[in-house]
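Please keep the sequence and the 3D view at hand while reading.

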Amino acid sequence: MDRIYFDNAATTKMRDEVFEEIRKYSQSEYGNPSSVYEPARAAKKAVDGAREAIAKVILAAPDEIFFTGSGTESDNWAIRGAVEANKSKGNHIITSVIEHHAVLHTCENLEKNGFEVTYLPVDEHGIVRIEDLKAAVRPSTILITIMYANNEIGTIQPIRKIGQIANEQGIIFHTDAVQAFGHIDIDVNEQYISLMSISAHKIYGPKGCGALYIKKGTKLSNLIFGGAQEKRRRAGTENVAGIAAFGRAAELAHAEMKEERRKTEDLRDYLIKGILDNIPHTRLNGHPVLRLPGNVNISFEFIEGESILLMLDMKGISASSGSACTSGSLDPSHVLLGIGLPHEKAHGSLRITLGRFNTQEEADKLLELLPPIIKRLRDMSPLYEEYLKKQ
Amino acid sequence: MEYSAKVLDHFENPRNMGEIEHASGIGLVGNAKCGDIMKVYLQIEDGIIKDAKFKTFGCGAAVATSSMATELVIGKSVKEALQVTNKAVMEALDGLPPVKVHCSCLAEEAMHAALWDYAEKAGIVIEGLKKPDPDASHDEIAEE
């Protein structure tokens, strides 16, 4: 069997149809959309087309979609732009402890510059409690930023309820939907979303391409100044090839979403059951139902994550973990700590994220290879030795 | 992760993994908080390390460094074993990625802790061996 790729939350392989857009707008219709001459019009048309395709996925208007260089840039722009434009009304931001670093570090930076931030805790499944949000709102709150679905544990937030509170209080609501867009249904109006970050490389599109949905009427300052691109809101010559590819990827994701979601969820649940049933001392992290279609995150007691990954890698399987060793810091994933896992369990986590290219065969291969790997590592572990002695 | 072939070998085929019953000295260092725990068992007769075994909770580098550390001390005298520093372990493994150097420090600490335990049990003093500090952080910049 060829290499098995189980890390779709990290990035995805580009689809052929999407790659064709890159080639076309890099070598055939390679013009700058701002140029006057006729051949450049195809480039402009491509950008407009992509805008429309992406808007359709979230039931927004095309002129509410703005292209950026990444989901991270979208997060930075949304948060910094919102507080900058609304700082006369207050200086308080509400977010959660399990956000992506692009949100967390932006908030931390703002704290050093006169803003106050409340980091809402989450329950054991990773869900933000609505009562906690309500209690955190102050007269000085100008932004609520809570991710649509979490990249590590897959948990999907009660976005509509959060949006409703924000709307009632007249507070801007931003959601980092990088992991959710194109995989589950999103309706920006029905869910009272003011700003939304998305990224192409999570839906079989290119890296280096993001977008920000900005609801009409939302006051948002620029992050990047320069030329008149994106209605003067985000300068820089458009990455036409990337944008065209992003649009095509969004179009395909939208058309196939229902079927893909069902297929992926089935495979996900099959894997979860297979692992929890056949390997003892395991725990599913994240909400069992309110969960991204492809996300499997399991803690294996008594052992450490990177060594699981290394052994899987040697068997031709690519996956991820929340251990400190994989993050390069001394602490394990802040998300796993946020849902209340003690350090040693957080270190022993394995994340498998499925995509459209994964098969039943691959899932079975993992179920076959994992138990002996876990057993080997447990036999090597002083923690397991200690546990056995206590029995 | 850029691990050398030797590190990967020791990870895939660890030497001396296991326990020693009635060990002459046992050292246990690290903690679950950092994500690295190493346990070293030593069997010492007439001042010579006859056997060494290890158990490790940790990443590839943690397993490889503890495996190599036990391999380097077997057959050596207690005094010679003190020369098995984190530097020696890293060299024997053809080096470690900078972010993993602290694992080799932990392996050295585990070995020293086992030797200290042996010294206390045997009622002797090992020259040059300091009492292990359970609160020491093993992530300081190690000697390269």
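Helices (H or I, at least four residues) and strands (E, at least two) are DSSP runs, numbered from the N terminus, and two strands pair if DSSP finds at least two bridges between them. On these terms, S1(B) and S2(B) form a hairpin with 4 residues between them, and B:Gly35 in the turn has a positive phi of about 90°. The model is predicted: local features need pLDDT of at least 70, side-chain atom pairs count only at pLDDT 80 or more, and totals for chains, interfaces and linings use all residues. Residues are numbered from 1 along each chain as its sequence is written, chains are lettered from A and ligands numbered from 1 in the order in which they are written, and side-chain values use heavy atoms, with hydrogens and water left out.

**The sheet of chain B**

- Three strands of chain B make an open, antiparallel sheet in the order S1-S2-S3.
- Its edge strands are S1 (25-31) and S3 (48-57) of chain B, each of which pairs on one side only.
- On average, neighbouring strands of this sheet are turned by 15° against each other, direction ignored; axes are lines fitted to C-alpha atoms, for helices over the stretch in contact, and angles run from 0 to 180 degrees between N-to-C directions.
- S1(B) pairs with strand S2 (residues 36-45) of chain B in the antiparallel sense, over 7 bridges.
- Within that pairing, B:Leu42 in S2(B) is the bridge partner of B:Gly25, and B:Val40 in S2(B) stands opposite B:Gly27.

**Helices on the sheet**

- Helix H13 (residues 382-390) of chain A lies across S2 and S3 of chain B and runs at about 75° to S2(B).
- Helix H2 (residues 60-73) of chain B also packs on the sheet, touching S2 and S3 of chain B (contact means heavy atoms within 4.5 Å).
- The direction of H2 of chain B makes about 175° with that of S3(B).

**The interface between the chains**

- The contact draws 26 residues from chain B and 24 residues from chain A.
- Together, chain B and chain A bury about 2,200 Å², with 67% of it on carbon and sulfur atoms; buried area is the accessible area (1.4 Å probe) that two parts lose on being put together, summed over both.
- A:Lys389 and B:Glu19 meet through their side chains in a salt bridge (3.8 Å, N to O).
- Helix H1 (5-12), S2, S3 and H2 of chain B each supply at least two residues of the side of chain B that touches chain A.
- S3(B) gives the most to that side, with 4 residues.

**Inside chain A**

- Strand S2 (residues 65-68) of chain A is covered on both faces: A:Ile65 and A:Phe67 on one side, and A:Phe66 and A:Thr68 on the other, are all buried.
- Buried means under 20% relative accessible area, exposed over 50%, partly exposed in between (1.4 Å probe, protein chains only).
- S2(A) pairs with strand S8 (residues 210-214) of chain A in the antiparallel sense over 4 bridges, and A:Gly210 in S8(A) is the bridge partner of A:Thr68.
- A:Thr145 is found in strand S5 (residues 141-145) of chain A and is buried, with a relative accessible area of 0%.

Definitions and conventions: Salt bridge = Lys/Arg side-chain N within 4 Å of Asp/Glu carboxyl O.
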